[in-house]
Amino acid sequence: MHSLEILLSCMYEKDYSIIEASNIKTNAVIINQCDRNSKHTINLTGCKYASWINSTERGLSKSRNMAIKNSQADICLLADNDEFFDDDCETKILAAYAELPDADIIIFNLSNKSTKLKSHSYRLKRLELLRVCSWQITFKRQAIVDNELAFDIKLGAGSGNGAGEENKFLLDCYDQGLKIYHVPLNIAMMKDNESTWFTGYDEEFFYKRGMSTRYILGFWWSCVYGIYYVILKYDLYENKISAFKAFQRLFCGILENNLGKDYLKIESGKKDDT
């Protein structure tokens, strides 16, 4: 029988009220990025627990990696501070892994968020991973540890480079041969909390989107996906920025390739050291 932990990332929580506010009724690892370092265990109802870790590190990817490192469960569910979990989310998730024993990662749904994935259980293809958000992701922890996989700290909230860290994580998993499935069961709902990083579809957003997409997909695929993305999201940004300006800033991010240049500098430095 598998065990489950919710890996929740948050910031500047002054008390433990987020546990009840998120309706967490299973074991959890909570990373609270704040101004101190400490770790302790909170006993929950039904013999459940939450490992609460205060950390002075910054960045969502660092928070995710710390949660994975401190997890003891077989199955992990990624979470943020703006979700409300179904009472039976643990039962649904563990049952899905029992039915799909070869699955390393299973993507679920949220009741109040639409998805472009198919409405039946199936194994995902590579490009479909770009349609997944972090709050949908569960995984077998040992598969991640054994393959030395982690969230890229150059991406995600707090990195200054925009989002996309969950998509790169999934693509890295896929490239390592992990089996990724979608199971169309709702496990939670999103609350209307203010985002810690998303400030709207402005010029900076599209520039960072282009930059991160180039870093994740490479030049040619990022150009194709960039066109698709600007067209797809038009209804969401049309009142704030023109389609022409969105294209311009996104492709500026792709062409300047600042994240890729940083990566090449790091690799060059490693070679010089040897």
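Visitor: In which element is P184 found?

Guide: P184 is found in strand β10, residues 180-190. Strands here are DSSP runs of E with at least two residues, helices are runs of H or I with at least four, and both are numbered from the N terminus. This is a predicted model, in which local features need pLDDT of at least 70 and side-chain atom pairs count only at pLDDT 80 or more, while totals for chains, interfaces and linings use all residues. Residues are numbered from 1 along each chain as its sequence is written, and side-chain values use heavy atoms, with hydrogens and water left out.

Visitor: Why is P184 called partly exposed?

Guide: Buried means under 20% relative accessible area, exposed means over 50%, and partly exposed is in between (1.4 Å probe, protein chains only). P184 has a relative accessible area of 29%, so it is partly exposed.

Visitor: Which residues does P184 touch?

Guide: Contact means heavy atoms within 4.5 Å. Leaving out residues up to four places away in sequence, P184 touches N109, S119, H120 and S121. The C-alpha atoms of P184 and L110 are separated by 9.0 Å, and these two residues are 74 apart along the chain.

Visitor: What makes N167 buried rather than exposed?

Guide: The relative accessible area of N167 is 7%, so N167 is buried. This residue lies in helix α5, residues 165-175. N167 touches L129, L130 and V132, again not counting residues up to four places away in sequence.

Visitor: What makes the pair D87 and K25 a salt bridge?

Guide: A salt bridge is a side-chain nitrogen of Lys or Arg within 4 Å of a carboxyl oxygen of Asp or Glu. For D87 and K25 the distance from N to O is 3.1 Å, and their side chains meet in a salt bridge. D87 lies in the loop between β6 (83-85) and α3 (89-99), and K25 in the loop between α1 (17-21) and β2 (27-33), so the pair ties together parts that are 62 residues apart in sequence. D87 counts as exposed because its relative accessibility is 57%, while K25, at 46%, is partly exposed.

Visitor: How do you know that K48 and E90 form a salt bridge?

Guide: Their closest N and O atoms are 3.4 Å apart, and K48 forms a salt bridge with E90. K48 is in the loop between β3 (38-43) and β4 (49-55) and E90 is in helix α3, 42 residues apart, so this pair links distant parts of the chain. E90 has 19% relative accessibility, so it counts as buried.

Visitor: Why does the pair R249 and E203 count too?

Guide: The N to O distance is 3.9 Å, and the two side chains meet in a salt bridge. R249 lies in helix α9 and E203 in helix α6 (residues 203-217), so the pair ties together parts 46 residues apart in sequence. Both count as partly exposed, R249 at 23% relative accessibility and E203 at 40%.

Visitor: How many salt bridges does this rule give?

Guide: The count comes to 11 salt bridges. D86, D88 and K92 are linked in a network of salt bridges.

Visitor: Why is α7 called roughly antiparallel to α9?

Guide: Axes are lines fitted to C-alpha atoms, for helices over the stretch in contact, and angles run from 0 to 180 degrees between N-to-C directions. Angles under 35 degrees count as roughly parallel, over 145 as roughly antiparallel, 65 to 115 as roughly perpendicular and the rest as oblique. Helix α7 (residues 219-232) and helix α9 (residues 243-256) pack at about 160 degrees, with axes 10 Å apart. Therefore α7 is roughly antiparallel to α9.

Visitor: What makes α6 oblique to α7?

Guide: The axes of α6 and α7 cross at roughly 140 degrees and come within 8 Å. That angle makes α6 oblique to α7.

Visitor: Of which classes are the residues in the contact of α6 with α7?

Guide: The contact is made by F205, F206, R209, T213, R214 and L217 of α6 and F219, W221, S222, Y225, Y229 and V230 of α7. By class it has eight nonpolar, two polar and two charged residues. Ala, Val, Leu, Ile, Met, Phe, Trp, Tyr, Cys and Pro count as nonpolar, Asp, Glu, Lys and Arg as charged, and the others, Gly among them, as polar.
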